[in-house]
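Please keep the sequence and the structure in view while going through the numbered points.

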Amino acid sequence: MVTTVDDLVARSREGVHRPRGREAHQAQLDGALLVDIRPAAQRAAEGEIPGSLVIERNVLEWRLDPTGSHRIPEASGYDLEVIVVCSEGYASSLAAASLRELGLSRATDLDGGFVGWAADGLPTRPGG
């Protein structure tokens with residue numbers, strides 16, 4: 001049986017609450033990590049979310065594994081609330097599913113991605 005990328009995305013979202021911009025913004029204010037996985041060129045073209053942590057997709061699991069030797073200081077435990085951000089909310093669904101497989105049970109992603117966040121009028125800054 002062949003699995004399509006659409007199948008993978010749908011499976012990664014099953015049973016997971018995916019916050020929209022305003023809810024994610026409040027979660028960020030309450031201490032959740034907003035993790036931007038977009039490549040530098042995309043962040044430069046679209047902009048960035050102030051206070052988000054940039055961890056490009058290719059190193060995400062290494063940086064957020066609480067027991068890993070390459071983790072960042074913010075990867076303090078498996079109960080960490082992580083909201084992954086990509087451009088439109090597709091790649092971030094797959095990334096959040098991967099984090100949940102690592103044991104980060106509160107990992108999810110931003111429904112609508114950066115584009116939805118910006119469309120909701122939430123804080124952004126030019127990408128650098």
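1. In which strand is L33 found? L33 belongs to strand 1. The model under discussion is a predicted one, and the points below should be read accordingly.

2. Is L33 buried or exposed? Its relative accessibility is 14%, and residues under 20% are classed as buried, so L33 counts as buried. Leaving aside neighbours within four places in sequence, L33 is in contact with L53, L64, E74, L80, E81, V82 and I83.

3. Separation along the chain should be read together with separation in space. L33 and T4 lie 29 residues apart in sequence, and their C-alpha atoms are 30 Å apart. For A118 and I49, the separation is 69 residues in sequence and 8.7 Å in space, again from C-alpha to C-alpha.

4. A118 is located in helix 6, which covers residues 113–119. Its relative accessibility is 34%; A118 therefore counts as partly exposed.

5. Which residues have the most contacts inside the largest nonpolar core? They are V35, I37, L60, L64, V82, V84 and L99, in a core of 17 residues. Strand 1 (33–36), helix 4 (60–64), strand 3 (82–85) and helix 5 are the elements that each give two or more residues to this core. Helix 5 supplies the largest share, namely 3 residues.

6. L64 deserves a separate look. Apart from neighbours within four places in sequence, L64 is in contact with L33, V35, I55, I72, A75, V82, L99 and L104. There is also a second, separate core of 11 residues, which includes A32, L34, F114 and L122.

7. The final points concern a pair of helices. Two packed helices are described by the angle between their axes and the distance between the axes. Helix 1 (residues 5–13) and helix 5 (residues 91–101) have axes that come within 9 Å and cross at roughly 55 degrees. Helix 1 is therefore oblique to helix 5. The crossing of helix 1 past helix 5 is left-handed.

8. Which residues of helix 1 and helix 5 meet? From helix 1 they are L8, V9, S12 and R13, and from helix 5 they are S93, L94, A97 and R100. The residues of this contact divide into 4 nonpolar, 2 polar and 2 charged. The reader may wish to find each of these residues in the displayed structure.

Methods. Residues numbered from 1 in each chain as written. Predicted model: local features only at pLDDT ≥ 70, side-chain atom pairs only at ≥ 80, totals over all residues. Heavy atoms only, no water. Axes fitted to C-alpha atoms, helices over the stretch in contact; angles between N-to-C directions. Helix = DSSP H or I, 4+ residues; strand = E, 2+ residues; numbered from the N terminus. Parallel < 35°, antiparallel > 145°, perpendicular 65-115°, else oblique. Left-handed = near helix turned anticlockwise from the far one by under 90°. Contact = heavy atoms within 4.5 Å. Nonpolar A, V, L, I, M, F, W, Y, C, P; charged D, E, K, R; others polar. Core = buried A, V, L, I, M, F, W, Y, C linked by side-chain atoms within 4.5 Å. Buried < 20%, exposed > 50% of the residue type's maximum accessible area, 1.4 Å probe, protein only.
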